[in-house]
Amino acid sequence: MILLLEIKKLKRTGCLPAFLGGAVLAAAFPLLNMLVRSETFTALPGEPFRILTDANWQMMAMLNILTIICGACMIYHTEYANNGAQKMAVLPVRTYQIFWGKFAVTVLALAGMLLFEIAALELCAMHWFPDYHLQLTALAKNLCFSLIAALPTIILMMLIASVCQNMWISLGIGVILVFTVSVFPKENLFLSLCPFNSPYQTLALAAQNGSEWIFTLICAAETIIFGIAAFIFDNVRRYFL
Amino acid sequence: MNFMSLIGVELTKLRRSKIILILLAPVIMMWIPSIVNAEIHFDPQGISITPEYNFFIQGFMGMAWFMIPASLVICTVLLVQTERSHKGLLKMLSLPLGSAKFCLAKFIILLLLAALQMVLSIGTYYLSSAIVSQLWNYNFILEPLYVIPEVLKIYVSAIPLAAVLWMFATLIQAPVFSVGLGLASLVPSVLIINTKFWFLYPMSYPFYLLMIAYGKAAKGIFETEIAWLPWLPTAALITVTALAVSCIRFGASERR
Amino acid sequence: MNIIETNNLTKTYGDFTAVNEISLHIQKGHVYGFLGPNGAGKSTTMKLFLGLTQPTGGSFQIDGKTYPKDRVPILKTIGSFIEAPAFYGNLTGEENLDIIRKILGLPRQSVTDALELVGLTQFKKRLAKRYSLGMKQRLGLAGALLGRPPILILDEPTNGLDPVGIHEIRSLIRSLPQQFNCTVLVSSHLLSEMELMADDIGILNHGQLLFEGTMEQLRQTAKANGFPTDNLEDTFLAMIDDDNRKRGQIR
């Protein structure tokens with residue numbers, strides 16, 4: 001029920017169209033890349049899907065992260081702008097359920113985005129690499145991996161947005177985090193597991209390093225840890241307000 | 001009232017907004033990895049660049065590509081939300097004040113905040129280059145006569161971008177769209193910089209100038225001369241158009 | 001002499017008419033009470049006067065000036081308080097007023113003066129977002145009174161105040177024309193309140209002006225139309241009710 005309510009609250013805030021817009025922009029990347037310089041990529045050796053993700057996923061993942069940041073800021077802004085959060089706090093629901101509701105909405109929205117983007121990559125692969133055939137299991141695996149890789153980022157961003165009542169502060173923190181991880185060295189496994197950095201990882205890359213299971217497990221663990229942090233914060237927030 | 005005191009008024013409105021912290025955090029963040037991994041600057045990986053230039057360029061790279069434009073986006077949110085959250089704008093519009101003047105004053109504040117961030121980034125650059133010089137016993141510190149004009153150029157090149165982002169903020173009522181559009185438009189600037197049409201895309205201007213500096217410091221990386229000609233008139237046109245549009249549309253939804 | 005005059009002023013939003021061809025006559029030095037149920041178009045009319053929204057038909061004159069030609073000169077003569085209080089939450093009450101003062105080009109003293117008038121002096125250093133509803137209301141009022149403008153437009157200024165506050169603000173408004181030689185346009189949905197404040201009255205329902213005149217004229221009109229007159233609140237309710245019924249028949 002909370003989930004439905006949270007979806008309802010997003011009516012006319014532009015959040016869901018924003019997620020869709022993010023997905024369209026991200027999906028446009030491989031398409032444009034192939035339209036403009038397909039011969040550069042078709043000449044490369046290796047698996048077509050891998051070639052495409054190597055060439056485009058950095059940008060696409062960054063767009064996904066930025067969309068998550070905007071989405072999280074906006075979702076909580078609708079709570080704080082006209083004191084909706086205060087009303088929620090005096091209703092007989094647990095406020096952390098609201099947090100989980102919002103988290104679930106964002107995860108669903110991101111799953112939709114990822115599906116759209118991976119489908120775009122698959123279509124590009126099928127169109128420009130004649131030998132390539134769609135493998136639904138691979139598609140599903142990629143989707144799940146990318147979604148799990150994004151979970152720590154989503155939950156941490158939701159936590160930040162729920163703590164800061166001024167939208168520019170949560171937006172600022174989110175953007176600074178994106179920036180900070182972009183200057184991290186890329187090869188380090190430990191750093192690549194950080195929230196805001198893990199969504200750049202692709203299944204193919206992780207599998208090559210043999211770290212796909214560690215990666216998935218640690219991302220899941222991070223999500224749980226931030227979830228607990230959100231729960232604790234929810235219980236102590238009254239002392240700060 | 002004259003324009004200068006209007007800017008004074010606008011500065012008052014930023015009190016207790018914590019914006020300085022938001023501007024300061026990235027300029028500190030940008031140097032920490034550079035300090036921790038300072039030894040990589042001795043290994044330019046086949047590019048002929050001296051460690052001190054490598055340190056400066058690599059440090060400012062993320063700044064010019066992402067953080068300066070993103071900070072501008074955050075500042076536009078700050079400016080717009082400060083006016084909207086308790087209907088301050090409604091009060092302002094009922095005072096005897098031209099709304100175009102008001103809009104321009106806010107744009108100047110945006111530029112002042114960006115200037116503040118540039119000053120902070122120069123400060124943190126000297127601090128971190130001094131630290132690295134001590135650690136590695138090698139002089140990483142570049143002359144202010146080189147650093148300050150380079151940063152100033154990057155700053156000036158961000159003005160058209162600031163105007164466009166300010167236009168987004170005044171035109172688009174839902175903050176999620178103006179912010180989303182602003183942030184999303186930064187992502188492809190790395191690709192656009194390598195095309196012939198980079199000068200049509202204000203988001204890539206600061207990065208372009210940094211790449212020119214890179215090209216000068218390391219032969220063969222990028223062009224070394226700024227292509228003033230299609231760029232300057234285009235940039236001026238973009239700036240003027242964006243400002244004109246935002247001045248006309250400023251406060252339009254409050255005046256419905 | 002009329003300081004504010006409107007001529008068939010109209011404002012529509014899509015197919016909804018918020019203000020329907022109203023012609024008001026507000027005399028200089030009077031307190032003009034603008035009365036009507038919620039959503040009758042009082043705030044919209046006031047917003048039109050302040051140039052916060054564009055009329056879709058008709059015109060108005062304020063102190064001989066017309067909108068949109070003389071927007072800034074008009075605003076220079078008006079102190080206003082519209083709808084929910086508008087302020088900057090991150091600033092103190094005093095800082096909020098100081099912003100308005102600077103834009104109006106007034107001396108520093110005027111802020112102290114306005115704070116004193118509305119009784120906020122002891123809370124001037126508190127952040128406006130921490131103000132209670134009544135204090136926010138007083139802050140908005142102080143912003144309107146700043147510099148003692150010749151025309152005051154106040155939209156439901158006693159909303160959210162406690163009985164003592166209502167009384168205080170009401171007496172303040174009542175005394176303004178004599179004290180500062182100004183004209184006040186004040187709106188409310190309570191006739192009993194208007195009775196104590198206003199010299200003239202305009203009653204608005206569904207965007208249309210049902211009545212305009214002095215309190216005495218209102219009593220006479222009511223009597224002529226067979227509305228109850230012993231209690232003005234009942235008169236008002238009967239008038240609105242009658243108008244709503246007529247509208248129902250048209251529909």
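Select B:Ala158 to begin: leaving out residues up to four places away in sequence, B:Ala158 touches B:Ile68, B:Leu72, B:Ala114, B:Tyr205 and B:Pro206. Touching, or contact, means that the C-beta atoms, placed from the backbone, lie within 7 Å. This is a predicted model, in which local features need pLDDT of at least 70, side-chain atom pairs count only at pLDDT 80 or more, and totals for chains, interfaces and linings use all residues. Residues are numbered from 1 along each chain as its sequence is written, and chains are lettered from A and ligands numbered from 1 in the order in which they are written.

Next, select helix 4 (51–84) of chain B; helices are DSSP runs of H or I with at least four residues, numbered from the N terminus.

Where they meet, show B:Phe60, B:Ala64 and B:Ile68, among others of helix 4 of chain B, and B:Phe207, B:Leu210 and B:Tyr214, among others of helix 11 of chain B. This contact has 13 nonpolar, no polar and no charged residues. Nonpolar covers Ala, Val, Leu, Ile, Met, Phe, Trp, Tyr, Cys and Pro; Asp, Glu, Lys and Arg are charged, and the others, Gly among them, polar.

Finally, show chains A and B together: 26 residues of chain B are in contact with 29 residues of chain A. Helix 4 of chain B gives the largest share of chain B's side, eight residues.

Note on methods: Contact = placed C-beta atoms within 7 Å. Helix = DSSP H or I, 4+ residues; strand = E, 2+ residues; numbered from the N terminus.
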